[in-house]
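Subject: Handing over a structure, with notes

Dear colleague,

I am passing on the structure below, and my notes follow it. Please read them with the structure open beside you.

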Amino acid sequence: MNASRDVTSLFDPDSTRCAAVARLLDFTEYEAEVPVHTHRKGQLILALYGAVTCRAENEIWIVPPHCGVWIPGGIAHSARATWNAHLSYLFIEPGAATLPEQCCTFAVSPLIRELMNRLVREDNDYPPDSHAARLARVTLDELVNMPRQNFNLPVSAHPKIQVMAETLVSHPQDRSTLNEWARRLALSERSLARLMVRETGLSFGRWRQQLHLIIALRGLASGESVQNVAHELGYESVNAFITMFKKSVGCTPALYFSERK
């Protein structure tokens with residue numbers, strides 16, 4: 001095992017014109033962070049275990065277990081995986097399926113997971129009339145019908161929003177109010193509130209809640225306890241954290257992850 005190996009050096013998805021090719025990566029064997037890069041093919045990253053966080057298009061995307069983030073071809077992106085992440089990659093040729101032109105997260109069905117797992121065993125340059133080509137076609141047909149999920153955090157390129165975002169990503173327990181942040185950034189509270197909505201589409205409170213959800217999903221997926229995650233996010237009690245989580249995803253952390261085992 002060599003933890004310093006770079007996953008981007010293992011496979012060039014643009015070396016084939018096949019409609020879809022799959023790869024399975026265990027991040028206990030490779031670097032946890034993949035630097036900014038781009039390729040012609042679109043990319044679906046599916047977390048089988050653990051989680052991965054992607055940055056693309058001024059947004060942060062979290063991929064918890066059994067969800068996938070879609071990154072269209074030509075979009076620069078980076079990824080950082082938890083230490084225990086097992087990820088499945090599906091690289092899709094432009095025009096091979098009617099998929100969104102912007103990044104998004106999908107709920108991924110057990111059927112797609114199994115199809116991707118089967119496609120991993122096929123050659124990169126399978127013939128267009130082969131069994132592998134038919135597997136790829138069924139996989140893509142299923143994927144375009146998957147529902148989207150809201151596991152992204154808008155991060156503006158505006159310098160003042162970037163300062164705040166970088167601070168809160170690094171110190172999510174910071175409970176400074178909008179007014180306190182406005183004073184730090186030399187803005188009025190009203191101006192900062194308008195700037196947040198204009199740049200991210202979210203109010204300050206909703207943005208911070210979404211940040212906490214992303215960090216919580218990542219921590220819980222890597223094996224941290226609910227108590228530790230709640231403490232790291234600055235919640236006064238575990239119950240307060242569970243309430244936020246339930247409002248965001250519709251169920252408690254324990255139920256969310258038990259359903260995905």
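The expected span of a helix is taken here as 1.5 Å times one less than its number of residues, and helices (H or I, at least four residues) and strands (E, at least two) are DSSP runs, numbered from the N terminus. Please bear in mind that this is a predicted model, in which local features need pLDDT of at least 70 and side-chain atom pairs count only at pLDDT 80 or more, while totals for chains, interfaces and linings use all residues. Residues are numbered from 1 along each chain as its sequence is written, and side-chain values use heavy atoms, with hydrogens and water left out.

I begin with helix H5, which runs over residues 189-200 and, with its 12 residues, reaches 16 Å from first C-alpha to last, close to the 16 Å expected. Its buried residues (buried meaning under 20% relative accessible area, exposed over 50%, partly exposed in between, with a 1.4 Å probe and protein chains only) are Leu-192, Leu-195, Met-196 and Thr-200. Seen down the axis of H5, these buried residues fall within an arc of 105°, so they line one face of the helix; the arc is that of the directions from the helix axis to the C-beta atoms. An α-helix has 3.6 residues a turn, so residues three or four places apart point the same way. On the other side of H5, Arg-190, Arg-194 and Arg-198 are exposed. The cover over the buried residues of H5 includes strand S11 (152-154), H3, helix H4 (178-184) and H6, where contact means heavy atoms within 4.5 Å. Just after H5, Gly-201 has a positive phi of about 80°.

Helix H8 (residues 238-249) can be read in a similar way. Its 12 residues should span 16 Å, and its end C-alpha atoms are 17 Å apart, which agrees. Phe-241, Met-244 and Phe-245 are buried in H8, and they cover an arc of only 95° around the axis, which puts them on the same side of H8. Asn-239 and Lys-247 are exposed on the other side of H8, whereas the buried residues pack against H6, helix H7 (226-232) and helix H9 (253-258).

Helix H2 (residues 131-143) has 13 residues and reaches 18 Å, close to the 18 Å expected. Among its buried residues are Ala-132, Leu-135, Thr-139 and Leu-143. The buried residues of H2 fall within an arc of 160° seen down its axis, so they line one face of the helix. Their cover includes strand S3 (42-49) and helix H1 (110-119).

Strand S3 also holds Ile-45, which counts as buried at 1% relative accessibility. Leaving aside neighbours within four places in sequence, its contacts include Val-52, Cys-67 and Leu-87.

Finally, the largest pocket has a volume of about 350 Å³. A pocket, on a 1 Å grid over the protein atoms alone, is an open set of points where a 1.4 Å probe fits, with protein on both sides within 12 Å along at least five of seven lines, and lining residues have an atom within 4 Å of a point; grid points are joined across faces, edges and corners, and a volume is the space filled by probe spheres set on the points. The lining has 16 residues, of which Thr-53, Arg-55, Arg-80, Val-169 and Arg-218 lie nearest the centre of the pocket. H6 gives the most to this lining, with 4 residues.

With best wishes
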